[in-house]
Amino acid sequence: MKTLKKYSVYICTVVLLCSFYSCKKYLDITPENLGTLDYAFRNRNEAENYLYGCYAYLQRSTDVASNPGFTTSGELIYSNTLDNYLGFNRTGFNLLRGTQNTANPGLNAWDGNEGSYSFFRSIRLCNIMLENIDKPIDLSASDKKRWIAETKFLKAYYHYVLFKMYGPIPLIKDNLSISASTDEVRIKRSTVDESVDYIVSLLDEAIPDLPATISNQTLELGRVTSLIALAVKAEVLATSASPLFNGNPDYINFKDKDGQSLFPQSVNAQKWVKAADAAKAAITAAESNGIRLYTFAPPANIGALSDSLKKQLDVHNAVTEKWELNPEVIWASNPAFSYQGFATPRLTPNSAVNAFSNPSTFSAPIATQELFYTVNGVPITEDKTWDYAGRNTIKAGDNASRYYIKEGYETIKGHFARETRFYADMAFDGGIWFGNGRVDQNSAQFPLYHVAARGSGLAAPSDNIRLNITGYWPKKLVSYVSVYDDGFQPSAFRLPIIRLADLYLLYAEAVNEVSGPTTEVFTYLDKVRQRAGLQGVQVSWTNFSRNPNKFNTKDGLRQIIHQERRIELCFEGHSGWDLRRWKELQSVLTVPVQGWSINNAEAVNYYRPSTQFIPVFGIKDYLWPIKSNDLVINPNLVQNPFW
């Protein structure tokens with residue numbers, strides 16, 4: 001009862017605090033309910049509850065349905081014509097269809113509606129925490145130091161999310177008094193450089209007082225570490241150095257009401273130097289604390305694995321292995337990833353009977369499939385040994401490809417001779433599915449499952465509720481231990497937010513932008529490629545690409561690095577952000593989003609591209625619009641360009 005009472009008081013406190021936010025909503029006003037705050041910080045236990053309240057918005061923001069990096073990248077789509085949406089938040093996916101507006105912006109992280117949460121509210125809670133940290137009489141000096149650092153990190157991260165979405169933002173350094181004047185409340189947007197400098201300064205203040213690792217993982221896994229803060233700092237600086245924010249000519253005339261330019265007027269190459277230094281510092285700290293690229297260690301129930309399947313699991317389990325067992329994860333979402341059922345096709349007769357257990361509705365377009373390299377480690381459009389023109393012609397699975405495609409099953413040539421990450425990340429008609437309760441690759445009685453997505457196949461369309469509309473599932477988002485049979489029994493995992501491969505590729509990108517192709521760039525690119533079973537960039541392009549010298553120029557290597565990131569981090573919520581900061585999302589979304597003709601039974605008819613919709617994305621969509629009513633309430637705010 002005591003614990004229940006404590007959490008009830010905490011919840012009431014948060015409700016009271018949030019009620020003040022609604023009055024002057026994008027500014028942080030210190031509430032009058034000081035008695036309530038005194039109670040919230042009267043001792044260590046109550047203050048710790050408040051700290052976890054500051055974390056709560058971080059946990060909510062890791063829901064991929066509210067993450068623009070996940071929903072607006074074009075990697076996955078979601079039908080908006082299903083008979084039953086199962087209560088799923090489709091707002092982000094529908095932004096690709098041109099639903100964004102200024103009256104009620106989708107995924108509105110400024111105000112906290114239309115499928116998102118208010119990060120200004122989150123910042124406000126962090127400020128209250130910092131203002132009251134001296135009140136608990138039994139709080140040790142070491143705990144106080146750590147909690148301040150954690151809160152500063154959270155405050156920095158919430159500002160960073162807003163920055164990625166809106167560009168220059170109001171910086172809420174301190175909460176204003178409830179008696180603040182109207183002029184004080186009407187805060188202006190800071191410039192891009194001011195925003196980044198403030199975010200980085202908070203991270204720099206937090207890093208020395210954060211633990212490098214979590215020693216008590218049972219109780220504290222998910223709390224911030226210095227490794228997390230160093231990695232986020234590198235990402236912030238890389239974002240600041242990228243074309244969207246660094247001398248973007250589209251925003252050259254974007255100014256506030258006083259004529260202050262909100263974006264840098266020219267490209268600053270030194271920003272990439274800072275990003276490279278920060279990424280290297282994060283890598284060094286991570287590796288010195290045992291962080292390394294994941295490789296799969298087969299448990300006893302699996303036995304011997306073919307090299308093909310072992311390599312797939314090296315890649316796949318880098319994402320779906322439990323955080324506490326995964327040496328590659330620097331930071332993962334909390335709580336567990338809750339959408340495995342959206343990514344799992346029906347594989348057994350029982351799963352077809354119990355189809356209501358899983359929606360199976362996360363659908364990857366053909367363009368996502370074609371992003372992955374050939375087995376030779378170069379794009380399918382460049383490989384001189386691969387039949388790009390004939391990629392959609394029919395071919396039956398053969399013995400050589402039996403661990404990727406069911407023998408004798410008719411699929412397309414484009415599914416053959418692809419890199420390991422393609423088979424680890426994507427499920428397709430005829431593709432082998434390792435797991436779902438079957439892990440003996442050599443059993444004659446129970447061969448490995450395969451996806452049957454057409455005709456009378458178990459994964460074929462059966463209604464307009466549990467429907468994959470393209471014929472591709474994001475297998476990467478499903479643990480091989482999860483079982484979909486008589487109901488769904490998921491094996492829980494936390495989706496990585498930052499893992500070591502991400503940092504390696506970020507560092508390679510920054511170094512290339514600073515100095516072009518160097519040994520250092522290839523070293524870190526090739527670490528990631530080697531884990532995926534590929535040769536290095538130089539060897540692969542020299543031997544197999546129609547453009548064998550591509551890696552010898554900064555521009556050519558930039559294209560390689562960008563595609564490498566999109567492949568390695570596919571379906572993890574990165575590409576939407578990366579494509580924005582690179583100013584490449586518009587080019588990705590200028591082509592029709594297509595899947596296969598899923599209602600046809602015969603392979604020759606099934607494998608005909610079918611357009612699902614034409615994306616709507618223009619220059620204005622790189623930044624989120626501020627809700628028009630907010631501009632009325634605060635006339636010192638200016639709307640983002642082209643809105």
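Biologist: Which residues lie nearest the centre of the largest pocket?
Modeller: This is a predicted model, where local features need pLDDT of at least 70, side-chain atom pairs need 80 or more, and totals for chains, interfaces and linings use all residues. Numbering runs from 1 along each chain, and side-chain values use heavy atoms, without hydrogens or water. A pocket is an open set of points on a 1 Å grid over the protein atoms alone, with protein on both sides within 12 Å along at least five of seven lines, and its lining residues have an atom within 4 Å of a point. The largest pocket has 32 of those, and nearest its centre are A367, E370, L371, R566 and V591.

Biologist: Okay, which element gives the most to that pocket's lining?
Modeller: Four elements each supply at least two lining residues: α15 (366-371), α20 (554-568), α22 (585-588) and β11 (593-595). Helices (H or I, at least four residues) and strands (E, at least two) are DSSP runs, numbered from the N terminus. With five residues, the top giver to the lining of the largest pocket is α15.

Biologist: And inside, which element gives the largest share of the lining of the largest cavity?
Modeller: A cavity is a set of grid points where a 1.4 Å probe fits but cannot get out. The largest cavity has 39 lining residues, with N67, Y157, K164, G573 and W577 nearest its centre. Elements giving two or more residues are α3 (44-61), α7 (141-166), α11 (226-241), β10 (496-499), α17 (500-515) and α21 (575-581). The largest share, five residues, belongs to α7.

Biologist: How many aromatic pairs does the whole structure have?
Modeller: Phe, Tyr and Trp rings (the six-membered one for Trp) pair if their centres lie within 6.5 Å. Searching the whole structure on that basis, the count of aromatic pairs is 44.

Biologist: What kind of pair do F70 and F93 make?
Modeller: Planes under 30 degrees apart count as stacked, over 60 as edge-to-face and the rest as tilted. F70 sits in helix α4 (residues 68-71) and F93 in helix α5 (residues 91-95), so the pair ties together parts 23 residues apart in sequence. Their ring centres are 6.4 Å apart and their planes are at 75 degrees, so the pair is edge-to-face.

Biologist: What about F434 and Y480, what kind of pair are they?
Modeller: F434 is in the loop between β5 (432-433) and β6 (449-450), and Y480 in the loop between β7 (472-473) and β8 (483-485), so this pair links parts 46 residues apart in sequence. The ring centres lie 5.7 Å apart with planes at 40 degrees, so the pair is tilted.
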